[in-house]
Amino acid sequence: MSNIRLTYFSFPGRAGPVRLAFAIAGIPFEDIRLTFAEWGAARNNLELYPQGSVPVMDVDGKKICDSAAIFEYAAARAGLLPADPLKLSRTKEIRVYLEQIFTGADALMNMNSTRKIQDPEKVKEARQGPFTETVKFYLGLVNKVVEDESTAPGFSVGSTLTAADLQIEMVVGFLEKYCEYFDFTVVTEGFPKLLAIRDQVNGIPAVQAYLAKFPY
Ligand SMILES: N[C@@H](CCC(=O)N[C@@H](CS)C(=O)NCC(=O)O)C(=O)O
């Protein structure tokens with residue numbers, strides 16, 4: 001029995017990089033995937049879900065309750081945090097920018113601000129433009145770090161796999177597969193270096209084996 005239990009939904013999202021880090025490092029963990037109905041019934045249980053959100057991760061009886069902290073643990077265990085302080089801070093910079101895309105998606109695509117609109121055309125109008133601008137802005141910042149720091153195609157900082165690469169993989173996949181109102185050519189045409197990083201991560205044998213088991 002693993003001493004790590006990760007709880008999230010059955011898609012990559014904020015737990016995706018955590019699952020990949022464990023898969024790459026061969027670290028066993030209990031991968032609990034809630035249905036939305038299960039989450040609806042559980043979300044007010046602040047003992048289990050102190051922020052009223054997932055992911056949460058239990059390690060040796062301690063609960064970690066935010067995706068950034070959870071991923072920090074997984075990335076450290078998997079050896080994906082650069083030892084060099086400057087490289088470490090640049091990977092962190094990328095990860096902070098990418099989280100802003102998720103925050104934008106929560107605000108615009110999923111959460112309250114546009115939920116009350118009835119007309120589907122108006123929903124699209126309210127979501128597509130602002131979200132696309134958010135994505136372009138933050139991917140632009142990520143791309144700038146990659147241009148400064150990458151020394152090999154497919155890697156965002158230096159020439160070896162880091163936590164930032166796993167988070168880029170997840171966000172690129174999220175934009176491609178889960179964002180109804182997002183035109184993915186924004187990424188294919190505007191950010192080929194980020195696509196190359198996604199492809200590099202997806203080509204890692206442990207990741208391929210993992211995705212064959214959990215295609216989502
Ligand atoms: N800051 C939190 C945000 C977590 C969050 O918003 N999670 C979403 C899924 S990605 C969630 O639980 N949504 C369901 C809800 O709010 O009811 C983190 O990074 O862990």
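Colleague: Is Gln51 buried or exposed?

Modeller: The model is predicted, so the reading rests on computed positions. The general idea is to count C-beta atoms within 10 Å of the residue's own: 20 or more means buried, 12 or fewer means exposed, and anything in between is partly exposed. Gln51 has 11 other C-beta atoms within 10 Å and is therefore exposed.

Colleague: Where is Gln51 found, and which residues does Gln51 touch?

Modeller: Gln51 is found in the loop between helix 2 and strand 3. Leaving aside residues up to four places away in sequence, Gln51 touches Cys65 and Asp66. Thr91, by contrast, is 40 residues from Gln51 along the chain, and the two C-alpha atoms are separated by 26 Å.

Colleague: Which residues are around the ligand?

Modeller: A C-beta atom within 6 Å of the molecule puts a residue in this group. Here the group consists of Gly13, Arg14, Arg43, Gln51, Ser53, Val54, Pro55, Asp66, Ser67, Ala68 and Asp106.

Colleague: How does the shell around the ligand divide by class?

Modeller: The shell has three nonpolar, four polar and four charged residues.

Colleague: What is the peptide bond from Val54 to Pro55, cis or trans?

Modeller: Omega is the angle to read. For the bond from Val54 to Pro55 omega is near 10°, and the bond is cis. Pro55 sits in the loop between helix 2 (36–42) and strand 3 (56–59).

Colleague: What is phi of Asp60, and where does Asp60 lie?

Modeller: Phi of Asp60 is near 50°, a positive value in a residue other than glycine. Asp60 lies in the loop between strand 3 and strand 4 (62–64). It counts as exposed because it has 6 C-beta neighbours inside 10 Å.

Colleague: Which residues show the partly exposed class?

Modeller: Ser10 and Trp39 are examples. Ser10, in the loop between strand 1 (4–9) and helix 1 (16–25), has 14 C-beta neighbours inside 10 Å and so counts as partly exposed. Trp39, in helix 2, has 15 other C-beta atoms within 10 Å and is also partly exposed.

Colleague: Is Val142 buried or exposed?

Modeller: Val142 is buried, because 26 other C-beta atoms lie within 10 Å. Val142 is found in helix 6 (residues 120–149). Beyond residues up to four places away in sequence, Val142 touches Ile94, Tyr97, Leu98 and Leu194. Gly26 is 116 residues from Val142 in sequence and 28 Å from it in space, C-alpha to C-alpha.

Colleague: How do helix 7 and helix 9 cross?

Modeller: Take the angle between the axes and compare it with the range of 65 to 115 degrees, which counts as roughly perpendicular. The axes of helix 7 (residues 163–177) and helix 9 (residues 192–203) come within 8 Å and cross at roughly 105°. The two helices are therefore roughly perpendicular to each other.

Colleague: Which residues meet in the contact of helix 7 with helix 9?

Modeller: Helix 7 contributes Asp165, Leu166, Ile168, Glu169, Val172 and Gly173, which meet Leu194, Leu195, Ile197, Arg198, Val201 and Asn202 of helix 9. By class they divide into seven nonpolar, two polar and three charged. Leu194 of helix 9 is also one of the residues that Val142 touches.

Colleague: How many helices and strands does the protein have, and what pattern do they follow?

Modeller: The protein has 10 helices and four strands. Along the sequence the pattern is β-α-β-α-β-β-α-α-α-α-α-α-α-α. The radius of gyration is 17 Å, close to the 17 Å that the globule rule gives for 216 residues, so the protein is as compact as a globular protein of that length. Its C-alpha atoms fill a box of roughly 50 × 40 × 30 Å along the principal axes.

Key. Residues are numbered from 1 along each chain as its sequence is written. This is a predicted model: local features need pLDDT of at least 70, side-chain atom pairs count only at pLDDT 80 or more; totals for chains, interfaces and linings use all residues. Ala, Val, Leu, Ile, Met, Phe, Trp, Tyr, Cys and Pro count as nonpolar, Asp, Glu, Lys and Arg as charged, and the others, Gly among them, as polar. The radius of gyration is taken over C-alpha atoms; the globule rule is 2.2 Å times the number of residues to the power 0.38. Axes are lines fitted to C-alpha atoms, for helices over the stretch in contact, and angles run from 0 to 180 degrees between N-to-C directions. Angles under 35 degrees count as roughly parallel, over 145 as roughly antiparallel, 65 to 115 as roughly perpendicular and the rest as oblique. Two residues are in contact if their C-beta atoms, placed from the backbone, lie within 7 Å.
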